[in-house]
Amino acid sequence: MLRYQPVPAFVLIFSLLCLLYTSAIRTVPESPEYIEAPEYRNGYQCSGRIMIHVSMTLDFNYLRGSVAAGLISGSVREALEDPLNYARNYLGDILDPSVTRVIYLDSDVIVVDDVIKLWSVSLTSLTGSTVIGAPVYCHVNFTGYFTDRFWYDPGLSGLFEGKRPCYFNTGLMVMDLVRWRREGYRTRIEKWMEVQKTERIYELGSLPPFLLVFGGDVAEIDHRWNQHGLGGNNRVHSCRSLHPGPVSLLHWSGKGKPWVRLDVGDPCPVDELWAPYDLYRHSRQQLR
């Protein structure tokens, strides 16, 4: 039995050689007890030369009132104002300079494939080499992520002139931290957060600044790495089934979260896929 101790903003998992499975846990205010996570299983073909860096947001207190809080604006959904939604902006600052590439995962995901496949994706797009890779969805209405104030001002909307910007999901990203640091992408994102505080150019939390900085310049990661929307259509009691096709990562994006629905005894069918990885839930069952 492990007692939870607050950690600074991230669980940083280093030297995961050909990791086959990973899982996410959540923090709660009472500092509860968690059972120990199962050991990671490494492929036989792995060598000591392979090192994978995975970061997953866990601690609620680190960014609140510190790194990002002064730049956060109100959102149409209160949950999107959580400072940890902005943690990905600061990976280049928080991680050691020796870390040159990172896989970023939201904490509402389960990886069900060999993460070395994700680690090895090429960060290239139609425009050349890129700083990030993510699942891209060009069928989504991109204009809806920004206000009329943004689109009616050519000084702002002209940013996308000559580009083909598409929505992409920042809950799973592969990031080139060498270029991220060298070319000042954290500062570029913060610039748009500053504009938002006075101009109100978007409504949805931490995603639009990424769309503004990287829209049209993202390496496309196969959608199998983002079986998304399992949280439902932004309604607590709506359920979704799995999309057809191969699955490498389950993502409970949306308003409903599996741990909440499991705790209240009203889970969606897909939430049973989360249940075996919920360390807090199992620890409570053991303590009964």
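# Exercises on a predicted model: disulfides and cores

C268 has a relative accessible area of 2% and is buried. The exercises below concern a predicted model.

## Exercise 1

Identify the disulfide that contains C268, and state where its two cysteines lie.

**Solution.** 

Step 1. The partner of C268 is C239, and the two sulfur atoms are 2.0 Å apart. A pair counts as a disulfide when the sulfur atoms are within 2.5 Å.

Step 2. The angle about the S-S bond is -80 degrees, and the link of C239 and C268 is left-handed.

Step 3. C239 belongs to the loop between strand 13 (219-220) and strand 14 (249-251), while C268 belongs to the loop between helix 8 (258-263) and helix 9 (271-274). The pair thus links distant parts of the chain, 29 residues apart.

Step 4. Buried requires under 20% relative accessible area, and exposed requires over 50%. C239, at 45% relative accessibility, is therefore partly exposed, whereas C268, at 2%, is buried.

## Exercise 2

State how many disulfides the model contains, and describe the one formed by C138.

**Solution.** 

Step 1. The count is two disulfides.

Step 2. C138 is bonded to C166, with the sulfur atoms 1.9 Å apart. The link of C138 and C166 is right-handed, with 95 degrees about the S-S bond.

Step 3. C138 is in the loop between strand 10 and helix 3 (148-151), and C166 is in the loop between helix 4 (154-157) and strand 11; the pair therefore ties together parts that are 28 residues apart in sequence.

Step 4. C138 has 34% relative accessibility and is partly exposed. C166 has 8% and is buried.

## Exercise 3

**Solution.** 

Step 1. The largest nonpolar core has 38 residues; I132, F146, F168, M175, W180 and F214 touch the most other members.

Step 2. Elements giving two or more residues to this core include strand 5 (101-105), strand 9 (132-134), strand 12 (172-176), helix 5 (177-182), helix 6 (185-199) and helix 7 (207-214).

Step 3. The buried residues are L207, P208, P209, F210, L211, L212, V213 and F214.

Step 4. The cover over these residues includes strand 9, helix 3, strand 11, strand 12, helix 5 and helix 6.

Step 5. Just after helix 7, G216 adopts a positive phi of about 85 degrees.

## Exercise 4

Which residues does F168 touch, leaving out those up to four places away in sequence?

**Solution.** 

Step 1. Among the residues that F168 touches are I132, A134, P135 and V136.

Step 2. F168 also touches L207, F210, L211, F214, G215 and V218.

Step 3. A second, separate core of 16 residues includes I103, I116, V121 and W225.

## Exercise 5

**Solution.**

Key:
Residues are numbered from 1 along each chain as its sequence is written. This is a predicted model: local features need pLDDT of at least 70, side-chain atom pairs count only at pLDDT 80 or more; totals for chains, interfaces and linings use all residues. Side-chain values use heavy atoms; hydrogens and water are left out. A nonpolar core is a set of buried Ala, Val, Leu, Ile, Met, Phe, Trp, Tyr and Cys residues joined through side-chain atoms within 4.5 Å. Buried means under 20% relative accessible area, exposed over 50%, partly exposed in between (1.4 Å probe, protein chains only). Helices (H or I, at least four residues) and strands (E, at least two) are DSSP runs, numbered from the N terminus. Contact means heavy atoms within 4.5 Å.
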